[in-house]
Each structure stands twice: as structure tokens, then as C-alpha cells.
Amino acid sequence: LRSPIGNIESLADLLLENDAEIGRDERLELITLIRHLSQGMMKLLNDLLDITAIESGKINLQRKPVSVPHYLMEVVHYNRLLAERKKISLVSKVAENLPMIPFDPERIRQVLNNLLSNAIKFSPMHTVVTLEAYSVPTGIEFSVTDQGQGIRPEDRSKLFDAFRRGRTKPTAGEPSTGLGLSICKHLVELHGGRIWVESTLGRGSTFHFTVPMPDAQAQVMGYVKT
């Protein structure tokens, strides 16, 4: 946080001290930089608050039955706008007759948004990102596939650790806190599911996660059904 705060202060000083000399285009550029830095700080603060809440056991899931096809339409609509900025195609493949399944829609949306934004962030222009959802014996499995740089085998084991950044870099210099995948892992596991990655260096990656049906969730979480 210290670095972006210092940058914001310097940019604000530049605006104040050179107000008369700064043209409209340069002023807009400086204000845009301040906004970009502020957004990055807010993302980091939100991630830190989520990690703190998760580690202290203060996140209570608000489960309710969700119609997955309709739900994913909203997720795709939001992320398609982000993808189009980088000329990336976002495709969804949702299996027919998926069962209604109870989960916390805001928290799973957080997982999906993170995986999709990462796929967009680490993919070059004119590639495809694919979101899929299909039934598995225990519930529903979601996957996000990109055609990006892939992840080195030695980086995969620590990918879901907090504050970990692999050597793969965003293709347009987008910021990363190193917390997103750790938060995803915690949120999926709170639902009784699991998350993992398959990747081929130079060809892309697929992130999978499962959301079990209620009976499977109870077994994973160690509950006894009465």
C-alpha cells in the first residue's frame, strides 16, 4: 500500500504545483493514473479483509438454491466487457439440465470473477477464454480455460498460497495482489469443494473447482446428518 499511496501523493503534488502549465490532455492522464492506483489499493484492501475474515472464521456462507445457467449468464456478461477491452473472446459452455444446487452466489461469483479476470489478464489478444459448467457425481464442476502462457510445473504447488506470484506475467501490465487464488481456494473449500489447475507451458491453463450437493458438502465439512 505504501508504494501506490506515495505515487498518488506525487501525482497530486504535480497537479497542484503546476496547475497553470498543465494542459487538458496531461491533466486527464494524471487523473486517470490516480484513479487506477486507487482502484488497485481498494482491490488489495478488499483482498486483505477477505483473507482476515477467512482465517478468523468470520465468513458465514449465505447458501440458497441457484439456477446455474441463468447465474452464469450474468457472470459472463460482466466479464465479457473486460475481455473485449483486450480483444479476447469469452465463450461459455453450460451443460443442459444442471441441477439446482445451494451455494453462496456472491462468494462463488467472487471465485468465478477472479478466475476469469486472471485468464483475461494472462492471455494475449485475439485468444479465447472458455467458462464451462457440467455435472459430476458429487455436484457441479466449473472450469475456466485460457490460451495464455501456461504455468511452470514448479509454480503450481504454491499457486494457491497467499501473497504468491508465479513467474508468468500479465500480458498488459495489469496489477496483481497475489491473494486472489488463495481466497478462491478458501471459499471453494468452505463450500466443501476443491480447486485445482491443469496447465501446459506455452499453451494455456484450466482452473477447475467443484461445488458439491448438500449431502456431499456435509461429509466433506465433517458434519453428521441426523
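Let me start with a term: a crossing of two helices is left-handed if the near helix is turned anticlockwise from the far one by less than a right angle. Keep that in mind, everyone, and please remember that what you have on screen is a predicted model.

So, to helix 1 and helix 2. Helix 1 covers residues 2–17 and helix 2 covers residues 24–55. Two packed helices are described by the angle between their axes and the distance between the axes. For this pair the angle is about 160°, and the axes are 10 Å apart. Angles over 145 degrees count as roughly antiparallel, so helix 1 and helix 2 are roughly antiparallel to each other.

Who touches whom? From helix 1 we have Pro4, Ile5, Asn7, Ile8, Leu11, Ala12, Leu14 and Leu15, and across from them in helix 2 are Arg27, Leu30, Ile31, Leu33, Ile34, Leu37, Ser38 and Met41. By type, the residues of this contact split into 13 nonpolar, two polar and one charged.

Staying on helix 2, have a look at methionine 42. The C-alpha atom of methionine 42 is 9.6 Å from that of leucine 1, although 41 residues separate the two along the chain.

Helix 2 has another partner, helix 6, residues 180–190. Here the angle is about 35°, with the axes 10 Å apart, and this crossing is left-handed too. Asp47, Asp50, Ile51 and Ile54 of helix 2 meet Gly180, Ser182, Ile183, His186 and Leu187 of helix 6. That contact divides into four nonpolar residues, three polar and two charged.

Which residues of helix 6 are buried? They are Gly180, Leu181, Ser182, Ile183, Cys184, Leu187 and Val188. These buried residues pack against helix 2, helix 4, strand 6 and strand 7. After helix 6 comes glycine 192, with a positive phi near 85°.

Lysine 86 is in the loop between helix 3 and strand 2. Buried means under 20% relative accessible area, so lysine 86, at 12%, counts as buried. And what lies 3.2 Å from a polar atom of the lysine 86 side chain? It is the backbone oxygen of lysine 121.

Note on methods: Residues are numbered from 1 along each chain as its sequence is written. This is a predicted model: local features need pLDDT of at least 70, side-chain atom pairs count only at pLDDT 80 or more; totals for chains, interfaces and linings use all residues. Side-chain values use heavy atoms; hydrogens and water are left out. Axes are lines fitted to C-alpha atoms, for helices over the stretch in contact, and angles run from 0 to 180 degrees between N-to-C directions. Helices (H or I, at least four residues) and strands (E, at least two) are DSSP runs, numbered from the N terminus. Angles under 35 degrees count as roughly parallel, over 145 as roughly antiparallel, 65 to 115 as roughly perpendicular and the rest as oblique. Contact means heavy atoms within 4.5 Å. Ala, Val, Leu, Ile, Met, Phe, Trp, Tyr, Cys and Pro count as nonpolar, Asp, Glu, Lys and Arg as charged, and the others, Gly among them, as polar. Buried means under 20% relative accessible area, exposed over 50%, partly exposed in between (1.4 Å probe, protein chains only). A polar contact is a pair of N or O atoms within 3.5 Å; within protein, one must be able to donate a hydrogen and the other to accept it, and residues adjacent in sequence count only if both atoms are side-chain atoms.
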